[in-house]
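I opened my notebook today to look up a few things in one structure. Here is what I wrote down as I went along.

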Amino acid sequence: GLTTFVGRDTEITALHHALEQVGAGRGQVVAAVGEAGVGKSRLLYEFVRSHRTQGWLVLESASVSYGKATPYFPVIDLLKRYFHVEDGDDPRTIRAKVTGHIFTLDESLQETIPPVLSLLDALPEGSPFLQLDPPQRRQRTLDALQRILRRESQVQPLLLVCEDLHWIDSETQAFL
């Protein structure tokens with residue numbers, strides 16, 4: 001149901017160049033900025049679904065207008081996609097998915113599990129992570145997210161797409 005995609009050769013070329021840089025081991029950040037309705041989302045849609053991203057792990061997320069009040073809102077969405085967490089999953093299932101995925105990725109990432117489970121509301125009561133003061137929890141959460149995604153990017157090329165950052169919360173901004 002989409003119209004033909006035309007007139008964005010310069011932008012697509014810039015995205016492909018950034019992708020090549022990442023493929024060569026040089027991480028990149030690209031921002032698509034413009035007025036509402038100019039086609040930023042369509043540009044990203046076409047780019048993400050192009051043949052050039054075949055073999056890449058693509059994780060997409062977006063901020064929403066009501067999400068500013070929820071810390072890590074788009075990050076939580078991204079984590080759910082990454083760990084294959086479904087809306088109906090109970091905390092035990094979420095813990096199994098996260099733990100299994102982390103241990104498969106790299107057993108040395110074990111200490112990243114509590115912060116991730118906390119974000120996904122699946123951390124068991126009485127976890128020592130909950131006893132940390134808020135600045136410590138925040139720092140461990142940011143460190144955990146960074147370590148997991150960095151390690152994943154060493155296993156396979158990784159493309160993170162975060163849309164509508166004008167509605168971003170402060171914790172997600174700190175993460176990015």
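**Entry 1: a term I need.** Helices here are DSSP runs of H or I with at least four residues, numbered from the N terminus. I also noted that this is a predicted model.

**Entry 2: a pair in helix 3.** I used that numbering to find helix 3, residues 73-82, which holds both Asp-77 and Arg-81. The two sit four residues apart, about one turn of the helix. I looked up their side chains and found a salt bridge, with the closest N and O atoms 3.4 Å apart. Asp-77 is partly exposed, at a relative accessible area of 26%. Arg-81 is partly exposed too, at 45%.

Entry 3: Next I turned to Arg-42, which forms a salt bridge with Glu-46. Here the closest N and O atoms are 2.8 Å apart. Is Arg-42 buried or exposed? I found a relative accessible area of 19%, so Arg-42 is buried, because buried means under 20%. Glu-46, at 25%, is partly exposed.

**Entry 4: a pair that reaches further.** I then checked Arg-147 and Glu-111, whose side chains meet in a salt bridge at 2.2 Å, N to O. Arg-147 lies in helix 7, while Glu-111 is in the loop between helix 4 (91-105) and helix 5 (113-119), so the pair ties together parts that are 36 residues apart in sequence. Both ends are partly exposed: Arg-147 has 33% relative accessibility, and Glu-111 has 48%. For the whole model, my tally of salt bridges is nine.

**Entry 5: the nonpolar cores.** Which residues of the largest nonpolar core touch the most other members? I found Leu-79, Phe-83, Val-98 and Leu-120, out of 30 residues in that core. Strand 1 (57-62), helix 3, helix 4, helix 5 and helix 7 each give at least two residues to it. Helix 3 supplies the largest share, five residues.

Leaving out residues up to four places away in sequence, Leu-120 touches Ile-76, Leu-79, Lys-80, Val-85, Ile-94 and Val-98.

**Entry 6: the largest pocket.** I looked up the volume of the largest pocket, and it is about 1400 Å³. Its lining has 39 residues, and the closest to the centre are Gln-28, Val-29, Val-30, Leu-160 and Val-161. Which elements give two or more residues to this lining? My list reads helix 1 (9-23), helix 2 (40-48), helix 7 (134-155), strand 2 (158-163) and helix 8 (170-175). By class, I noted 24 nonpolar, nine polar and six charged residues in the lining.

Entry 7: Last, I picked Val-33, in the loop between helix 1 and helix 2. Val-33 counts as exposed, with 78% relative accessibility. I also looked at Leu-165, which is 132 residues from Val-33 along the chain. The C-alpha atoms of these two residues are separated by 9.9 Å.

Definitions and conventions: Residues are numbered from 1 along each chain as its sequence is written. This is a predicted model: local features need pLDDT of at least 70, side-chain atom pairs count only at pLDDT 80 or more; totals for chains, interfaces and linings use all residues. Side-chain values use heavy atoms; hydrogens and water are left out. On a 1 Å grid over the protein atoms alone, a cavity is a set of points where a 1.4 Å probe fits but cannot get out, and a pocket is an open set with protein on both sides within 12 Å along at least five of seven lines; lining residues have an atom within 4 Å of a point. Grid points are joined across faces, edges and corners, and a volume is the space filled by probe spheres set on the points. Ala, Val, Leu, Ile, Met, Phe, Trp, Tyr, Cys and Pro count as nonpolar, Asp, Glu, Lys and Arg as charged, and the others, Gly among them, as polar. A salt bridge is a side-chain nitrogen of Lys or Arg within 4 Å of a carboxyl oxygen of Asp or Glu. Buried means under 20% relative accessible area, exposed over 50%, partly exposed in between (1.4 Å probe, protein chains only). A nonpolar core is a set of buried Ala, Val, Leu, Ile, Met, Phe, Trp, Tyr and Cys residues joined through side-chain atoms within 4.5 Å. Contact means heavy atoms within 4.5 Å.
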